[in-house]
Amino acid sequence: MMFAETVLHEPELDLVVRSARAESDGVRSLELTPVNDGERLPRWTPGAHIDVMLGTGPNALVRQYSLCGDTATVDSWQIAVLRTTDSRGGSQYIHERIQVGDVVRVRGPRNHFALAGSPRYLFIAGGIGITPILPMITEVEAAGADWHLVYGGRNRDSMAFVDRLAAHSEKVTLVPQDERGPIDLDALLGTPEPDTLVYCCGPAGLLDAVEAKCRSWPSSALRVERFAPVATDGAENRAFTVVLQRSGLTLTVPSDKSIYSVCRENDVSVLASCLEGICGTCETEVLDGEVEHRDAILDEDERASNTTMMICVSRCHGDKLTLDL
């Protein structure tokens, strides 16, 4: 069956790699600019990320990277990529194949880790998780808010953008694990702080530990961003019915397929990128039915509202869902 042409709901741009540099041992940053001089890039807010299309043809990769530059800069975007030993190909491609002058296609920006207003912030970053935190720091500093960053890494050589943080040394605590051990979350989070938002990004182990420590905090105090899908070991996939209201279709989603794949098979134009529930591209409005959320994006309040879902991974907690598709 021929797939329907995907309808894009956000900008797609061809950008030129203007510069590339090593930010630390294993982290490479790229500065991306419009192909045509004088063009302005779409505005973005701290916490936003973009899709980067790597390569062409059926084997092309699509990966998501946080924007880590200055939101006030309108003619360039910056991303930084950690080269990982268990790479699915994206980090290896960027570290080995992308060169200054190359043109890359990107989609976005999109933000599921938005910075909310608060008089006080605690930022916790682990490794490459520093990237979305950097523009947040710039914004809260300009707003005059009280903030503190605790930034951990394997060792100092592995910790990117330390030089950029030097201007705020009195508000930044660096925790190289080989020197100081892991971040002391009991000291940081053991007692809930009033009027404080906690923003955390990093490896899954850190996020899980921070979430556990914040259970005594107000439910809206913690905001996290994950780079990896949520584990669903033991979760049972059941078949269910999905009603696509705008398309006038009622479809069966079998246990071995996602809503997204069933939509594509039936010529329904839907957009997705990561297919792991971590990028938010496929977020879809829910009109009726209860969702079994399996994404790494929505927080507890957003899940409880049952108003949207990520159709690439999430399923129905019953027999039928009605979606605005």
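Asp-267 is partly exposed in this predicted model, with a relative accessible area of 44%. The phi of Asp-267 is near 60°, which is a positive value in a residue other than glycine. Most residues other than glycine have a negative phi, and most peptide bonds are trans. The points below begin with this residue and with other backbone features, and then turn to the sheet, the pocket and the cavities.

**Backbone geometry**

- Asp-267 is placed in the loop that runs between helix H7 (259–265) and strand S14 (283–288).
- Leu-275 is likewise found in the loop between H7 and S14.
- Although Leu-275 is not a glycine, its phi is positive, at about 60°.
- Leu-275 counts as partly exposed because its relative accessible area is 46%, a value that falls between the limits of 20% for buried and 50% for exposed.
- A cis peptide bond leads from Gly-108 to Pro-109, and its omega is near 10°.
- Pro-109 belongs to strand S6, which covers residues 103–110.

**The parallel sheet**

- An open sheet is formed by five strands in the order S9-S8-S7-S10-S11, with parallel pairing.
- Strand S9 (172–176) and strand S11 (222–225) are the edge strands of this sheet, and each of them pairs on one side only.
- On average, neighbouring strands of the sheet are turned by 15° against each other, with direction ignored.
- Within the sheet, S7 and S8 are joined by seven bridges in the parallel sense.
- Ile-124 has Val-150, in S8, as its bridge partner.

**The second largest pocket**

- The second largest pocket holds about 440 Å³ of space.
- The lining of this pocket consists of 24 residues, and those closest to its centre are Gly-126, Gly-127, Gly-153, Arg-154 and Pro-203.
- At least two lining residues come from each of strand S7 (120–126), strand S8 (146–153) and helix H6 (204–213).
- Helix H6 gives the most to the lining of the second largest pocket, namely three residues.
- By residue class, the lining of the second largest pocket comprises eleven nonpolar, ten polar and three charged residues.

**The cavities**

- Two cavities of 30 Å³ or more are present in the structure.
- The volume of the largest cavity is about 50 Å³.
- The largest cavity is lined by His-49, His-112, Val-224, Glu-225, Arg-226, Ile-278, Cys-279, Ala-296 and Ile-297.
- Five nonpolar, two polar and two charged residues make up the lining of the largest cavity.
- The second largest cavity contains about 30 Å³ of space.
- Among the residues that line the second largest cavity are Ala-272, Ser-273, Cys-274, Thr-281, Cys-282 and Cys-312.
- Leu-275, whose phi is positive, is also one of the residues that line the second largest cavity.
- The lining of the second largest cavity has seven nonpolar and four polar residues, and no charged ones.

Notes:
Residues are numbered from 1 along each chain as its sequence is written. This is a predicted model: local features need pLDDT of at least 70, side-chain atom pairs count only at pLDDT 80 or more; totals for chains, interfaces and linings use all residues. Side-chain values use heavy atoms; hydrogens and water are left out. Helices (H or I, at least four residues) and strands (E, at least two) are DSSP runs, numbered from the N terminus. Buried means under 20% relative accessible area, exposed over 50%, partly exposed in between (1.4 Å probe, protein chains only). On a 1 Å grid over the protein atoms alone, a cavity is a set of points where a 1.4 Å probe fits but cannot get out, and a pocket is an open set with protein on both sides within 12 Å along at least five of seven lines; lining residues have an atom within 4 Å of a point. Grid points are joined across faces, edges and corners, and a volume is the space filled by probe spheres set on the points. Ala, Val, Leu, Ile, Met, Phe, Trp, Tyr, Cys and Pro count as nonpolar, Asp, Glu, Lys and Arg as charged, and the others, Gly among them, as polar. Two strands pair if DSSP finds at least two bridges between them. Axes are lines fitted to C-alpha atoms, for helices over the stretch in contact, and angles run from 0 to 180 degrees between N-to-C directions.
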